[in-house]
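Welcome to a quick tour of a protein fold. Have a look at the structure below, and then we can walk through it topic by topic.

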Amino acid sequence: MPRITVMSVFVDDQEKALRFYTEVLGFEKRTEIPMGEHSWLTVGSTEQPDGPEISLEPSDHPAVAPFREALVADGIPFTSFGVADVRAEHERLVGLGVRFTQEPLAMGPMTTAVLDDTCGNLIQLASMD
């Protein structure tokens, strides 16, 4: 049975993304391997040391820009991260200056919020109530 080991998030600047994903969201850097102009750069949850990683993937490919622009224009998050309490995480992140495009919203048994990751993506936070 396959398992998720790495998923990619396209970013316009790997160093800026690393700062946001570690210093603001709270992930930890797992891997950084220089590969010319860019790096193989991953982060992961401190709560899941052996869990899946996020590759902060350079967004240089010509197909990426129109794809991300269309998602952002329509308010669609690129991916979703689970948190224990969306409202508490929203409050913490707003205090750090993070811009949300969707405030916490109860949706049946879960609550979601959507933030701008400053690197070209909307990211959804979700928690089960």
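Let's start with tyrosine 21, which is buried at 0% relative accessibility, where the cut-off for buried is under 20%. Please keep in mind that this is a predicted model.

**Aromatic rings**

- Phenylalanine 20 is also buried, with a relative accessible area of 7%.
- The rings of phenylalanine 20 and tyrosine 21 make an edge-to-face pair, because their planes stand at 75°, and edge-to-face applies to angles over 60 degrees. Their centres are 5.8 Å apart.
- One aromatic cluster is made up of Phe20, Tyr21, Phe27 and Phe81.
- How many aromatic pairs does the structure hold? There are six.
- Among them is the pair of phenylalanine 10 and phenylalanine 78, with ring centres 6.2 Å apart and planes at 65°, so this pair is edge-to-face.
- Phenylalanine 10 sits in strand β1 (residues 6-11), while phenylalanine 78 belongs to the loop between α2 (64-73) and β5 (79-82), so their pairing ties together parts that are 68 residues apart in sequence.
- Phenylalanine 10 counts as partly exposed, at 23% relative accessibility. Phenylalanine 78 is partly exposed too, with a value of 23%.

**Helix α3**

- Which residues of helix α3 (residues 86-95) are buried? They are Val86, Glu89, His90 and Leu93.
- These four lie on the same side of α3, because they cover an arc of only 105° around the axis.
- On the face turned away from that buried side, you will find the exposed residues Glu91 and Gly95.
- The packing partners of the buried α3 residues are α1 (14-24), β6 (100-107), β7 (110-116) and β8 (122-128).
- At the N-terminal end, α3 is capped by aspartate 85, which has a side-chain oxygen 3.0 Å from the backbone nitrogen of arginine 87.
- After α3 comes glycine 97, with a positive phi near 90°.

**The sheet**

- Four strands build an open sheet in the order β5-β8-β7-β6, with mixed pairing.
- Which strands are at the edges? They are β5 and β6, each of which pairs on one side only.
- On average, and with direction ignored, neighbouring strands of this sheet are turned by 20° against each other.
- β6 and β7 run antiparallel and are joined by five bridges.
- Phenylalanine 100 has leucine 115 as its bridge partner in β7.

Key:
Residues numbered from 1 in each chain as written. Predicted model: local features only at pLDDT ≥ 70, side-chain atom pairs only at ≥ 80, totals over all residues. Heavy atoms only, no water. Buried < 20%, exposed > 50% of the residue type's maximum accessible area, 1.4 Å probe, protein only. Helix = DSSP H or I, 4+ residues; strand = E, 2+ residues; numbered from the N terminus. Arc of directions from axis to C-beta. Contact = heavy atoms within 4.5 Å. Polar contact = N/O pair within 3.5 Å; in protein donor to acceptor, adjacent residues only side chain to side chain. Phe/Tyr/Trp six-rings, centres within 6.5 Å; stacked < 30°, edge-to-face > 60°. Pairing = 2+ DSSP bridges. Axes fitted to C-alpha atoms, helices over the stretch in contact; angles between N-to-C directions.
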